[in-house]
Structures are given as C-alpha cells and as structure tokens.
Amino acid sequence: MKLRSAITLASAALVIAALTLAGALPSGAADKVDPVADAKAFRKFFTDKFPKVKLEDFVNGPYSMNEDLYRQWQEKEQFPPYEFSLEMGKEMFSKPFKNGKTYADCFPNGGIGVRQNYPVFDDKEGKVITLELALNRCREANGEAPYSYVRDEMAALTAYMAFTSRGKPMDIKIPDDPRALAAYENGKEYFYTRRGQLNFSCATCHVQSPGERIRAEVLAPALGIVNAMPIYRSEWSGMGTTSRRFTTCNSQIRGVPLSPQDDEYRNVEYYLSYVSNGLPISGPGARP
Amino acid sequence: MASTIRVRATSSGETTEVQALIQHPMDSGFVKDAKGEIIPAHFIQQLTFEYDGKNVFTADWGGGVSKDPYVKFAFKGGKKGDELKISWVDNKGATDTTTAKIQ
Amino acid sequence: MRNGMLNFALVLSFLASGAMPARAAGSEDDFKAAYAAADAANKEAGKLRNQWTTTANTLAAAKKAADAGDFDKATASAKEAEALAKASIFQATSEKTRWKEMEIR
C-alpha cells in the first residue's frame, strides 16, 4: 500500500510538473481562459488608441498608421507586386498531383474561400492546423514532397487561397476542448513573452509601438496583422509566408528561430487570428 | 507563355497615363547566393514605350533597379483605342514585347 | 523593458566576475572547460526554446580562436558565451510569469 501511494503521489507530482513546464496550466491561480473577453479587450485597445482608423482598415498594417505610406500603397495596389506570385499560385493550385488528385480534394469547398477559417483546431490530433501545414500535409498524403514553409511555392499557394477569401471576415473557432483552449493560451503567452538578446516580445513592437518607427519601418498594429498574409515585402524583394515572418522576426531580435510550424508558431498564429476575428481577409498583401 | 509585361494606359483627353509592371529578376551582379557565389548580373538594359511610331518613353537601366520593376509616367497625346507598344532588352540579349490598348 | 535590461546587465556582470578563476593566461584545458560549460548552458536554453543568436555566434568565435591557437581569446569568448546563455535561461524562466504584465486586459 505504502509503495502504491508513493508511486501515485510521484506520478501526480510529475504530471503537475510536466504540465506547468509545458505551460498548459495558466500561471495565475484564479485566471480562467476567456478568449471572448480577450478578443474584446484586444480590439478595444487598438480602436481606442487609433480612433480615426476604421476597424476594417487595421488589416492594412503600417499603411493605416501613416498617411504618406497609405497614398503610395494605394497607387501601388493598382499594379500590386504580388500579382506574379498570385498567378503562379492559381496555376499551382489547379495542377493535379502525380496521382491525379488536386489540392481541392484536401480542403472543404475545394479550398476556395476557406482561408478565413485557418488556423483550425483538429480534435483528432489535438493540435492547431495552419493553412501552410494543411497544404504540405495534402502534398505528402498524395505522394508529393513538401514545400519549404518560408519560400515561393508555399507563398504562391497561400496567396491564391487568401485571394479567394478576400473581404471575408476572419472566422477562427475555439471549440469547447481544453486542448484547444490550451493552444490558444500558449499562443497568447508566446505573443507577450520577451525573447532574444534584444528582449522583445511580439507585443513590444505591435502592441506598445504601432505607428512608431523601428529604424526606417513603421510598425503595424497587432490587430489584423495576419489578415494580409502572405505578403510581398519590398525588403525581401519577394513573397513571404506567415512562417517566414515569424522566423525572421525572431532572428531580428537575436533569438534563434524555432522551426516553421513548431507548436509555438502554430499557436501564436491561432491566437493572433482569433483576436482579429471579424476583420476582413486582405491577403495577399504588399508591405515595405 | 504569359508576357512579363503588365500594362495599363488611360487617356484623359490631353494626356495619357501609363503604368507598367515587369517581371524580371534584375540581378545587380553584386549579390551572393547561399553558397557564397556571386549571382551573375541579369537586368533590363532598355525599356521603351512606343506610340504612333515614336518613342514616348525610354528607360536606360542598370543593376540598381529592383526586381519586378514598376514604371509610371504620362505623355501628351494618345487616344482611346489606340495601341501602345512596350518592349525591353536585357544584358543577356533576351527581349519581350507586348501591346496594350489605351483605355 | 528598462527593468528587464538592467536585470540582465546585473546578471551578466555578476556571472562574469564570479566565473573567472585566478589564473594569468588561458590554457587549452581552460578553454575546453569554459566551452563545455557554455555549450551546456546553451543546450539548456534550447530546452527552454529560448536560445540567442549571439550565444551561438560567440561560441563559434571561441572555437575559431581556439583553432587558431589563441586560447586567451578563446577562453574569454567561451565565458562570454556562457554568460549570454545563462542570461537567456534567466529570461525564459522569468518571462514564464512576467509575460502577463504585458497582456492587454
């Protein structure tokens, strides 16, 4: 009896320790995860800070923060730099795999007009699935090699899928499942945690300093920040995915980036997308 | 194969405004690739817009112009329905040309 | 953020002063010990998913100096790398609770 209770106690302690380390249990004793309240507070913070910006314009990032940038961007949108990637994405999306199937077979509604639902919580796997991850899994399920998460092909495909959802409001769901809540909370924690030698969190730039400059760039507000993805960045002279932005942000603050589609990245995308629910999809986008 | 040149020309009576987006790597010849080797220079050297048999705009470019360049200009004249011819030549001798109707 | 920066500076200076043995010149053994300690700390930071790019760069610089035979420089770099790695561990552990201070409520 003594041994059994000792083992039970030890296992319980291990479980608690493991859960605490993994961040699955919120650190505050009385804190309950309330995404609805979070999203409301998040939106209010930015609309209070920028009362002259229309809610739907927050998805335009730095362009809604600076009049001169906005004017230049409007002109550029007549001949957007992401056009070539978008066209390539459309072609790639409809081209069948070697086994005859297409991307449409992997997605609801054939993959058209569904981007606003991603990331989505998968209850079989107990994890969050992003659009990029879903695309590569589709490839692998059909005998094709996966694409790099940060480069052109993935950007082209997500550009096309985003384009078919343009104007639709972001619509992320958190099902009544403790694992989904944990993923959301983990994403929130990642967003506010400072990292890298420069000791920045995502919030340092996108909550504390939107509209201000970091070196020569005007910072975008966190509200609606993923709605324009993927983006053609002049700085990159090319397209980049959400994965590309997360990894480069990390290295810019001197933190070693995680691997694209690691749990933390999937979860922070889940969090950021959820708190931007209701704002329109504007992707693919162009940025300085 | 699709043209590398996207163009839109709009006439407002006296002047015609032209916008063009050209797909081209515009490699300067100074950038190294991931292996540390120089990516050879590959850029448009001349871009011309022709209307009614005359060059209304000529650009002489070098490696300093960015990838997928965008050009916008206006010229006196140009009637709706008339054609504008756009061509470019790069340092490797490759060319592309397209025509667009003025709207 | 100001407070955080001061904390790190304090941690770094504390670690730097406490970690030096009283020896005039660095030997290969000194370097090996310092490098092993720095590497171990950096691996621990890796487990916390919070390594710094500067830690990796400093470790590489230490190795490069050692390969060139300059063990003074190599040991100094290795100790700096250890300090950086330890600071990144401190950051990760303190941020586990401090992140909530930044949260929009």
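Colleague: How many residues does the contact take from chain A and from chain C?

Modeller: This is a predicted model: local features need pLDDT of at least 70, side-chain atom pairs count only at pLDDT 80 or more, and totals for chains, interfaces and linings use all residues. Residues are numbered from 1 along each chain as its sequence is written, and chains are lettered from A and ligands numbered from 1 in the order in which they are written. Two residues are in contact if their C-beta atoms, placed from the backbone, lie within 7 Å. The contact takes 23 residues from chain A and 21 residues from chain C.

Colleague: Which helix gives the largest share of the side of chain A that touches chain C?

Modeller: Helices (H or I, at least four residues) and strands (E, at least two) are DSSP runs, numbered from the N terminus. On that side of chain A, α2 (35-49), α7 (178-192) and α8 (202-206) each supply at least two residues. The largest share, 3 residues, comes from α2(A).

Colleague: How many helices and strands does chain A have?

Modeller: Contacts in chain A with a separation of 6 or more are 73% between residues 24 or more positions apart. The chain A count is 10 helices and 7 strands.

Colleague: Are α5(A) and α6(A) roughly parallel or roughly perpendicular to each other?

Modeller: The axes (lines fitted to C-alpha atoms, for helices over the stretch in contact) give angles from 0 to 180 degrees between N-to-C directions. Those of α5 (residues 131-141) and α6 (residues 152-163) of chain A come within 10 Å and cross at roughly 115°. Angles under 35 degrees count as roughly parallel, over 145 as roughly antiparallel, 65 to 115 as roughly perpendicular and the rest as oblique. So α5(A) and α6(A) are roughly perpendicular.

Colleague: Which residues of α6(A) make the contact with α5(A)?

Modeller: From α5(A) come A:Leu131, A:Glu132 and A:Leu135. From α6(A) come A:Met154, A:Leu157, A:Thr158 and A:Met161.

Colleague: Is A:Met88 buried or partly exposed?

Modeller: A:Met88 is found in α4 (residues 83-94) of chain A. A residue is buried if 20 or more other C-beta atoms, placed from the backbone, lie within 10 Å of its own, exposed if 12 or fewer, and partly exposed in between. A:Met88 has 18 C-beta neighbours inside 10 Å, so A:Met88 counts as partly exposed.

Colleague: Over which residues of chain A is the pLDDT below 50?

Modeller: pLDDT is the predictor's confidence in each residue, from 0 to 100. The mean for chain A is 91, and 89% of its residues reach 70 or more. The pLDDT is below 50 over residues 15-30.
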